Amino acid sequence: MNAGNAVVVILPGVVVAVGAFVVFLVDLFVARKAVLAWIAAAGLITGAAVAVGQWISVSNGLHFNARKPQTGFAGMVSLDKYALFCVVLFAGIGVATIMLSDAYLARRKAARGEFYGLLLLVITGMIGMVVSTDVVAFFVSFELMSLPTYVLAGYLWRDERSGEASIKYFVTGAFSSAILAFGLALVYGASGQTTYSGIAAGLAKLSGLDARGFLVVAFVLVVTGFGFKISAVPFHNWAPDVYEGAPTPVTAFMATGVKAAAFAGFARLFVAAAGLQWQTWAHTMTILAVLTMVVGNVLALPQRNLKRMLAYSSIAHAGYLTLGLIAAGTSGKPLGIAAILFYLFAYALMNLGAFGVLIWIRNRRKFAYTLGEIGGLARTMPWAAILMAVFMVSLTGIPPTIGFWGKFYLFTAVVQANLTWLAIVAVIMSSVSAYYYLRVVWYMYFREAPQGAEMEAEPKSSQLGVTVAVSLAAAGVLVVGLFPEPLLKAAEGAVRLIFGG
Amino acid sequence: MTSEYLTNWLYVWFFIAAGGALVVLILLFSKLINPSHLTAEKLAPYECGIPPVGNPWAPFAVRYYVFGLLFLVFDVEAVFLFPWTLVFRTLGTAGFVEMLLFIAVLGFGLLYAWRKGALEWA
């Protein structure tokens, strides 16, 4: 394997990383910062285009062997449809975040180049996480994703809450990274290998009670690191504070992008490296999923702050997503992972949209993100209210939206793995969630606007980016909600190879 | 394999236990036999240094931090460069290009620091 081939394997990530450097460089010499958003978006779109090209090549066996993934750097990275699917998803989330950020940052007088550069570096790390087939490369990518996110959370550093969010996220995040590193070190100690396939082979040779205890400790540590990143209960306490304090576009990105990368990356690690040892971590994951669904949904009920409500809702969705891992682990079939990919896509659309509407309102008037303040939104901003209603219905999981199909595939995978009771818990919990999602719709349509919620004149900075991004997300929610087949086929195609097919 | 693995580490566990026990023993022993007559002088943080003046929570120039970071960057560069020179021949062109990329990224960081005014002391 020569170096050229290895670069081809990580090409989408390289393109995005180069984009980050170009943004930083242009920022140094250009006074008008508006161009930086375009450069960053161009970098992401180029990265996604490369990934789409590679997907077609893999499908048609043009330059790659469709049966065997192309690997590079001594098996540390692998180019396959799973990684490419995620690259396109991450780039899409990134472009949407840029569209949501532009007017918001201009209004907060915080339009500096570092924002887009750091965003692209986070996405580089996210791509690295799904491309990695080695725990060392995985951990480095994990850190590359995490570190700029801490900075982005504190990006509005004059705002105390933003600083608080950054510090809280940093301390808990660094702590969880350390725990994850311990877990990975123990996995290495047990198997003597760092590549996923090597770990799977090494663990298969272990036997006896000693080995089992050893693995339980290792997996509990790895799952803890994973749980922190996806904000699963009981590792969720940082999420509401950080989501509330961080700049809203960053919150939208953390809730969708970082979570998607954590799920996609860890799903690969769990399946490829530890799939055969499922019995040793089944209980941990099941307890984690049930707790996360119940606590996330129940604690979302009393929230009057919309950002906090969406934070608890994102905890609850992390619980649903964990079900996919459990289904895949128990049944050994790829449907659970395909359902996760589909759900990540759906969740990104509806959550970016919901946060986008909040940003949209915030750009037009004084807005502290409380529930009372969106009263009467249907009259003051009718288009925003309709779109918000679409996202809330989709987050609840009501057809004909993408959220319904996401939950449908996930719960189908769970039932097919003979874990019907788990699916029942999930369905009950998602009907609980209807209360706090649909309450938003109720406020927008059936409550009067509060005093002093007058619209300011259209701001100087154009809202076009936000409007287009939110409208596109709503269109995606509805179109894929009506025709889910192509996306599901793509997700199923993406997971075929990582299941040792 | 695993039981062997654990017994191999038995020495380390003994060592940790013995080390801990030694610390406790020494502290306990000195506590028991040491006469204790505390004065204000003796309770000062540095009994035989400069007398402490003022609040230690005074603000200090954040620039030290920026310089510290820059120093760290080039420190790490040196750490990577020295082993690289030893295996330069075996790495071939790819190794050379990779190191050039690495230095270019670091140089870019310096450019960034310079343009952002991190190198100015005022």
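Predicted model: local features only at pLDDT ≥ 70, side-chain atom pairs only at ≥ 80, totals over all residues.

Guide: The search of the whole structure gives 30 aromatic pairs over all chains. One of them joins A:F142 and A:F266 edge-to-face, with 6.0 Å centre to centre and 85° between the planes. A:F142 belongs to helix α6 (residues 135–153) of chain A and A:F266 to helix α11 of chain A, so this pair ties together parts 124 residues apart in sequence.

Now turn to A:F226, which is buried, as is A:F266. The ring centres of A:F226 and A:F266 are 4.9 Å apart and the planes stand at 55°, so this pair is tilted. Here, too, distant parts of the chain are linked: A:F226 sits in helix α9 (residues 208–230) of chain A and A:F266 in helix α11 of chain A, 40 residues apart. Stepping back, ring pairs connect A:F138, A:F139, A:F142, A:F226, A:F263, A:F266 and A:F270 into a cluster.

While we are on helix α11 (residues 248–274), have a look at A:T248, which lies in this helix. A:T248 is buried, with a relative accessible area of 0%. Its side chain makes polar contacts with the side chains of A:Y369, at 2.6 Å, and of A:K307, at 3.3 Å. These two partners also meet each other: A:K307 lies over the face of A:Y369, 4.6 Å from the ring centre. Beyond its neighbours within four places in sequence, A:T248 is in contact with residues including A:Y104, A:F355 and A:I359.

Terms used: Residues numbered from 1 in each chain as written. Chains lettered and ligands numbered in written order. Heavy atoms only, no water. Helix = DSSP H or I, 4+ residues; strand = E, 2+ residues; numbered from the N terminus. Buried < 20%, exposed > 50% of the residue type's maximum accessible area, 1.4 Å probe, protein only. Polar contact = N/O pair within 3.5 Å; in protein donor to acceptor, adjacent residues only side chain to side chain. Contact = heavy atoms within 4.5 Å. Phe/Tyr/Trp six-rings, centres within 6.5 Å; stacked < 30°, edge-to-face > 60°. Lys NZ or Arg CZ within 6 Å of the ring centre and 35° of its normal.
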